[in-house]
Amino acid sequence: MAAGLTVGVSLLSYGQSNSRFGTVGGYNPALVVVAVGTTIQFHNQDSFDHTATDIPGSAFPQGNPIPSSALVQSGTDVAQSGWSSGTLTAGAYSQVLHASTPGTYLFGCFYHYPTMRGAIIVE
Ligand SMILES: [Cu+2]
């Protein structure tokens, strides 16, 4: 397996910070910077449910843009539109997501957007 990064998922542990995309939080790191070829996995560190789900576009919408289809796991690459961890129960890990294509990919939690959101930058 290629070098991988685990992103912690916790509404309780990881507070808000400012970024050039606006406020991010609930993930650690919330601004994920990786090289092409890296893999990313999300790990729920809370005792309740979260998701990490692709948000299309280059800016965070005000209202929650994440559809209920996000509750089912889909996608194997962050460049795939609509990828989602599905519901991550307490302690669960997401599928392994590949970072194959340079770009910026916004993501958030179905349950806790806009408090929980972040960005993956693949360079
Ligand atoms: Cu959440």
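The entries below go through the sheet, the metal site and the aromatic rings.

**Entry 1: the model.** I noted before anything else that this is a predicted model.

Entry 2: I looked up the strand order and found an open sheet of four strands, in the order 4-1-6-8, with mixed pairing. The edge strands are strand 4 (27-28) and strand 8 (97-98), and each of them pairs on one side only. I reminded myself that strands of a sheet pair through backbone hydrogen bonds, either parallel or antiparallel. Strand 1 (residues 4-9) and strand 6 (residues 39-44) are paired in the parallel sense, over six bridges. I picked Leu5 and looked for its bridge partner in strand 6, which is Ile40.

**Entry 3: the copper site.** Which atoms coordinate the copper ion? I listed His50 (ND1), Cys109 (SG), His112 (ND1) and Met116 (SD), at 2.0 to 2.6 Å. Along the chain these donors follow the spacing H-x58-C-x2-H-x3-M. His50 and Cys109 link distant parts of the chain, 59 residues apart. His50 is in the loop between strand 6 and strand 7 (53-55), while Cys109 is in the loop between strand 9 (103-108) and strand 10 (117-122). I checked both for burial, and both His50 and Cys109 are buried.

Why is the arrangement of the four donor atoms tetrahedral? The angles they subtend at the copper ion are 88 to 132°, and four donors count as tetrahedral if all angles lie between 85 and 135 degrees. For comparison I wrote down the ideal angle for four tetrahedral donors, 109.5 degrees.

**Entry 4: aromatic pairs.** How many aromatic pairs does the structure hold? I recorded seven, and looked into two of them.

Phe42 and Trp83 are both buried.

The rings of Phe110 and Tyr111 have centres 5.1 Å apart and planes at 90°, so this pair is edge-to-face. Phe110 has a relative accessible area of 22%, so it is partly exposed. Tyr111 is partly exposed as well, with a relative accessible area of 34%.

**Entry 5: other ring contacts.** I found that Tyr27, Phe42, Trp83 and Phe107 form one aromatic cluster.

Conventions:
Residues are numbered from 1 along each chain as its sequence is written. This is a predicted model: local features need pLDDT of at least 70, side-chain atom pairs count only at pLDDT 80 or more; totals for chains, interfaces and linings use all residues. Side-chain values use heavy atoms; hydrogens and water are left out. Two strands pair if DSSP finds at least two bridges between them. Helices (H or I, at least four residues) and strands (E, at least two) are DSSP runs, numbered from the N terminus. Donors are N, O and S atoms within 2.8 Å of the metal (3.2 Å for Na, K and Ca); water is not among the atoms, so sites may look incomplete. Four donors count as tetrahedral if all angles lie between 85 and 135 degrees; four count as square planar and six as octahedral if opposite donors are over 155 degrees apart and all others between 65 and 115; anything else is irregular. Buried means under 20% relative accessible area, exposed over 50%, partly exposed in between (1.4 Å probe, protein chains only). Rings of Phe, Tyr and Trp (its six-membered ring) pair if their centres lie within 6.5 Å; planes under 30 degrees apart count as stacked, over 60 as edge-to-face and the rest as tilted.
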